[in-house]
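Open your viewer and get ready to click through a few selections. We will start with a whole chain and then visit some single residues.

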Amino acid sequence: MSTMTINGRVAPLPDDLDAMLIDVVRSDLDLTGTKLVCGAGVCGACTVLVDGAPVASCLMPARAAAGKTVTTVEGIGAEKLHPVQKAFMVHDALQCGFCTPGFIVEAAAFHGHWRATRGTATPSRDEIGAVLSGHLCRCGAYDGIFSAVAAACSGQFDGGDIVSPRVEARDKVTGAAKYTVDIKHEGQLEGVILRSEIAHGKIGELDFAPALALPGVGAAISLLAEDRIVRFVGQPIAAVAARDRKTALAAIAAIRITSERLPSVIGLDEARKPNAPVVFEKADRKKAGNVSEGGGSPAPWKANIRGPSAAFSLKPKLVRSWVEGARQEKNPLLVEGVFRTGTQSHTCLEPHATVAHFEGDRLTVHASTQSVFHLMELIAKRYKLDHDKVRVIADHVGGGFGSKASLGAETTIAIDLARAANAPVRVAFDRHEELSVTGYRPASEVKIALLPSEQGGLKALSVTAYADTGAAINSTIATLARLIYPAEGKELADFDVISNLPPGAAFRGPGGPPMAFAVEQAIDEAALRMKVDPIELRKRWDTDPNRRRLYEWAQGLDVWRNRKSRAEQTGRYRRGVGVATGYWLYLWQPGSKVEVSVKGGRLIASTAIQDIGTGSRTVIANTVAREFGLEPHEVEVHIGDSNLLVGPGSGGSRTTASVVPPTLLAIQKLKAAIEKNAKRKPAPGSNAPWRELLAASPDLTASGVRPEDSRQMAPGVESPLKQVGILGWIFGKMMRWMSNMVIGAGVPSSVQVIEVEVDTWLGHVRVLNVHTGIAVGKIAAPALARSQAAGSVIQGIGYALYEAREIDGRTGDTLSGGLEDYRIPGIADTPVIDVHFDEAGFDHVLGGSVGIGEVATVPTSPAVANAIYNATGIRPMELPIRPDRLISALKGRAAA
Amino acid sequence: MTPAMTTEFRAAGTDLSERRRSGVSKGPLMDIVPASDISGMNWGADGTLRIGAYTTIAAIAADRGIAAAYPGIAASAQGLATPQIRHLATLGGNIAQRSRCWYFRNPHIACLKKGGTDCPARDGNHLYHVAFDLGPCVAPHPSTMAAALLAYDATIITYTRSGLSIPDVLGDGSNGTVDNLLQPGEMIRGIELPKPLEGERAFYKRAISRAYAEWPLVEICARAVVKDGVFQFIRLTAGGIAPVPLRLKAAEGAMQGKAANALNIEVAAKLAMSGAKPLPMTGYKLDLLEGVVRDVLEKLGT
């Protein structure tokens, strides 16, 4: 038997030709810091050092490591933290942390090489970008990674202690952080799903006998509904649990299955044709998925078209006649166009994964989820179990972005298999499953007409949106155009176009980016025709007080003041500057509770929230520390466990606004209790009175519940739903009753100014710099809020320039099922990002803070598009603005 | 035995491992033993170079001798894949790698290269496929190194044959069922590069949507000897646009003996498209081809 030396120990290597180095590292040696993400050598999460060189362990055969020295992330900082690890911690060069070990390993190797050859010189952004080009981070922590690698190479972290702004950063840079995919119980089986290879059909025979006959197979179960119908490629049919993935895959292949094909229809254009096969008959409509954060409202539904959802319209008939009149008169100010956006996949680096474990009548579920508490409730309801018999745990979650907000197939299948096999079962999707069946932001076709009034106001806005929702409903794109830019009339209509594609899902600001892509370009076009500065026009038409302050800031930026007109642009490379606005709703979850205790002199805060990379642990730690005059790392925070007090889901940007107020209330009560129980008051003039009181305090506990907001608001601050009158009031009540979310007063807002460079020969766009102004109230965790803001921009750049799910239009099969074909931004695509926080506007919220996660990504794609227009005179009508589309437009031809 | 069932050689496995994980490739496997005759580089006394097939892409990219004598080879090696792949992947494996077509790589879809009867990309989604439709399969050949070797008139040595040109090994695109014409059991030992020309320079450029780490939409390796502003010698090869690496002979002809001015370069860049047959979705690749050729000719001319 051959061996390798790994992190200083000798370890045997298997003879199996198909065993990869990562299998040995993660499964045999339990070194779970090394992560499997793409399985194709694209993302770098599995990077380890082999004889000092960083390699992709997911592709390297284990046999090839024979006689070699291997170092994993666990071996990088084994004795003391490596300078690169310290730098990542201090510069907050991470969010969910799932890609972090790979970055650390590669950056440590680079650091060693750099110091040996260049001393303490500082590497440039280009050098760092090239060396880390084989790593992908979906949260978009690249901005911090640039700073961290440069600082470590230049010797800034050679010695000394450090403090990270993110409380769990140490576990993430050392590989110690355990994610759901890393959980391994005694006797745990691996679950694999048999999925439909046809877009529409009826499954006949399903014979598990040959699968169950294989050694090591624990269970095989059917996942079919009573009608045995499958409606998209990838729909689960059956699942198997076996001792390892290889055996489970063999078992899946052994299942005997027959099926009958039914007529299918794929995509936005085909599904709208009059005689298109119908995906959901009336009786089956409840089986459709949901692409919104809340529940949907009723709408007409005929064949594959559900809509219009037009409740937010204002005088729509008048709008139609005004627009028609302007068209007849050839009014040059009437802006019309049809914009198209691509299908964006969430691409969480940790796949959807669940480990289910029954012990007697108790069920423990480790899940990669955006909502530990709500998931527990959903599981308890589905399996008719008492709440105290179900526990959902998620210590760390490798990204969510909206795709892990509900009870997913990975969870129900893991539970069903665990029950059937009478053993713990893990289900973890592979990358193809992740990029095909876990939801997506639907593609859309957005038809817009915008009519300024003779006086220079906004007279009419008409937006009609068709969303390519697959086997799902509830798209709200046009609807969102009601809550910004008041007009004399608005005609807003949303349609879901249902087809035999996997269901879409809520994705970071659902409906926001496609709405903004169309509306913000139409505003830009109107400004050009009216010969008004585009920011000036927004100031004129947009009444929101938060955004008006951001417009003032944007107008003062040098890059805006010095921008050139389109006519001044010549030559191969052209630079342009664009602006766009975005908003999102301020949401919070009623009933959210936080407990704060002092135990043995130490402060502990806890709630059943989860940290998907957004920093909820740190927000709580900072809030508690600030009130007691301590450092955040002195506060212990317990989250990620449904046994704790009810906490909010990580969706709708609601976590900060849901947990900071109850944390403050709990602190207030705890302080009173501590003072009451104190035997001795702190010395007069003590500079750390609470430190003294805490040290002497008996163990005490207090909790707070999220209070209603104050009704005392700053001038102009109101619920955005007020603009919609009684319907808005009803909508707000529905959200509260059905989805347990309150739409608060005040509008989280973002204004972005973006500079691009266009290579007109190669149709290539490089985003040079981004200025993002954000108004979300007081910033609870500044370094982390900055990371969120920068990451939102980077994800927005992906949406604008690179990302598109590609399908085969005949079979409905996803072609972009790997990370080389589904292209998310890399570190070298990252612009220089300037983040400006305007902290006013939310004083009516206890603590003054609301969420940032979604609003900061809404304006990026239209700002990039407006910048491209400024550079080239090409109005980008379709996302992503890839080289194929841009070069065709530059040559004056229609793109394919 | 279906084509997929013949024994596959495995060097570093960077392509093969992914195909085996997805289930596209399942047949018997044989690990190559990195013997000394297929590892490393040997410079001949006559200025030629032999590179063993087992040499890694990273080693080629970092070699100063190659960068000086064959800068197009070095730049191509530096420009492909990612650092973690280049540290593992070998030259032989790069030449003999299988298609990156998303239909070929999908285990549930039949295609010509997997024993199927037709090419699903041709009437399907072929956004990243060929613009020179030279055969029944419309996937571009994935080997960046092969396009660079073609530019240098390199020959390939196997255990049974030698002196093979790139077209001898990769064909002309008319056989859509294979990615190369190596016989069953035939393994690449190395490549031989003729002595470089006096005063030659080279550039490599690929058009992609992001900054790095993407299969090229179009890639060009260009060598030239430019004296007194005149192209004495020019060689242009292209990848990403045809089932095999292509020499752009019409564009070469247009620059040979001509001054390196904007007008001549523009004419040559347009001629790069000679013989193109784009598919409905790949017309843009010709615009990019023109742009990349212009780019490298300008760089060579200055």
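Here is the tour, one stop at a time.

This is a predicted model, in which local features need pLDDT of at least 70, side-chain atom pairs count only at pLDDT 80 or more, and totals for chains, interfaces and linings use all residues. Residues are numbered from 1 along each chain as its sequence is written, while chains are lettered from A and ligands numbered from 1 in the order in which they are written.

**Chain B.** Helices (H or I, at least four residues) and strands (E, at least two) are DSSP runs, numbered from the N terminus. Its C-alpha atoms fill a box of roughly 60 × 50 × 35 Å along the principal axes. Of the 302 residues of chain B, 55% count as buried, meaning 20 or more other C-beta atoms within 10 Å of a residue's own, against 12 or fewer for exposed and partly exposed in between, with C-beta atoms placed from the backbone.

**Cis peptide bonds in chain A.** Next, pick A:G307 and A:P308; the bond from one to the other is cis, with omega near 5°. A:P308 sits in strand 14 (residues 305–309). Then move to A:L879 and A:P880, also joined by a cis bond, with omega about -10°. Look for A:P880 in the loop between helix 24 (860–872) and helix 25 (883–890).

Most residues other than glycine have a negative phi. Zoom to A:N422, where phi is near 55°. A:N422 is exposed, with 12 other C-beta atoms within 10 Å. Finish at A:S653, with phi of about 50°; A:S653 is buried, with 27 C-beta neighbours inside 10 Å.
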